[in-house]
Amino acid sequence: MAHILIVDDDDIVAELASEILISEGHACGWVSDAKEAEKLLAWRRPDLLLLDQNMPGENGTSLLRRLRNSPQFYDLPIIMFTSIAGAEDESQAYFLGAQDYIRKPVDPKFLVWRVNQTLRARAERPKHRDLEEWAEFQLRRSKEDTPKRVFI
């Protein structure tokens, strides 16, 4: 079971996607804009974020960019979940760090399959670490990997 947050200004679409994912055993909820998403993210980190592109106020691409530059959410799995069908928008989403791009309207089986694919891919990675902790770990590991000098 994964905790999934949907950020979409269309409550009907968000509720439908939530019901589909809940029926597959995931815990799921939604908010309608980036501000509400940030409030929830400050309270609890989900396992996956489904993010709409066109929303009132801040759009999904802007929120995606901010999350990728954040020490807390740089590695949060994010799927763009949008009705924008342009190849350029999709390329930009991948460039900014989205794991996947799903166009609405979506077949329920397809949504479940893509969400599960993203969750499976992330399950094999190490658990989230704050960016500073990760950098310290990498530094320690690189020092341990240096060859030792041996004097004869």
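Hi everyone, let's start at Pro105, which sits in the loop between S5 and helix H5 (108-123). Helices here are DSSP runs of H or I with at least four residues, strands are runs of E with at least two, and both are numbered from the N terminus. The peptide bond that leads from Lys104 into Pro105 is cis, with omega near -5°. For context, most peptide bonds are trans.

A quick word on what we are looking at. This is a predicted model, where local features need pLDDT of at least 70 and side-chain atom pairs count only at pLDDT 80 or more, while totals for chains, interfaces and linings use all residues. Residues are numbered from 1 along each chain as its sequence is written, and side-chain values use heavy atoms, with hydrogens and water left out.

Now the overall layout. The chain has 6 helices and 5 strands, and reading along the sequence gives β-α-β-α-β-α-β-α-β-α-α. Of the 152 residues, 38% are buried. Buried means under 20% relative accessible area, exposed means over 50%, and partly exposed is in between, using a 1.4 Å probe and protein chains only.

Let's stay with strand S5 for a moment. Asp100 lies in this strand, which covers residues 100-103. Is Asp100 buried or exposed? Asp100 is buried, at a relative accessible area of 9%. Its side chain makes a polar contact with the side chain of Tyr94, at 3.3 Å. A polar contact here is a pair of N or O atoms within 3.5 Å; within protein, one must be able to donate a hydrogen and the other to accept it, and residues adjacent in sequence count only if both atoms are side-chain atoms.

On to the salt bridges, meaning a side-chain nitrogen of Lys or Arg within 4 Å of a carboxyl oxygen of Asp or Glu. How many do we get by this rule? The count comes to 8 salt bridges, and I'll walk you through a few.

Arg103 pairs with Glu90, with the closest N and O atoms 2.4 Å apart. That pair links distant parts of the chain, since Arg103 is in strand S5 and Glu90 is in helix H4 (residues 87-96), 13 residues apart. Arg103 is partly exposed, at 32% relative accessibility. There is also a network, in which salt bridges with shared partners join Asp8, Asp52 and Lys104.

Next, Arg66 forms a salt bridge with Glu38, and here the closest N and O atoms are 2.2 Å apart. Arg66 is in helix H3 and Glu38 in helix H2 (residues 34-43), so this pair too links distant parts of the chain, 28 residues apart. Both ends are partly exposed: Arg66 at 33% and Glu38 at 33%.The side chains of Asp75 and Arg45 meet in a salt bridge as well, at 2.9 Å from N to O. Asp75 lies in the loop between H3 and strand S4 (78-82) and Arg45 in the loop between H2 and strand S3 (48-51), so the pair ties together parts that are 30 residues apart in sequence. Asp75 counts as buried at 16%, whereas Arg45 is partly exposed at 28%.

Last stop, the surface. Asp9, Asp10, Asp11, Glu15 and Glu19 gather in a patch of negative charge. Patches take residues with over 30% relative accessible area and no salt bridge, joining like charges within 9 Å and nonpolar side chains (Val, Leu, Ile, Met, Phe, Trp, Tyr) within 5 Å. Thanks, everyone!

Terms used: Accessible areas come from the Shrake-Rupley method with a 1.4 Å probe; for residues, only the protein chains shown count as cover. Lys and Arg count as positive and Asp and Glu as negative; His and the chain ends are not counted. The place of a charge is taken as NZ of Lys, CZ of Arg, CG of Asp or CD of Glu.
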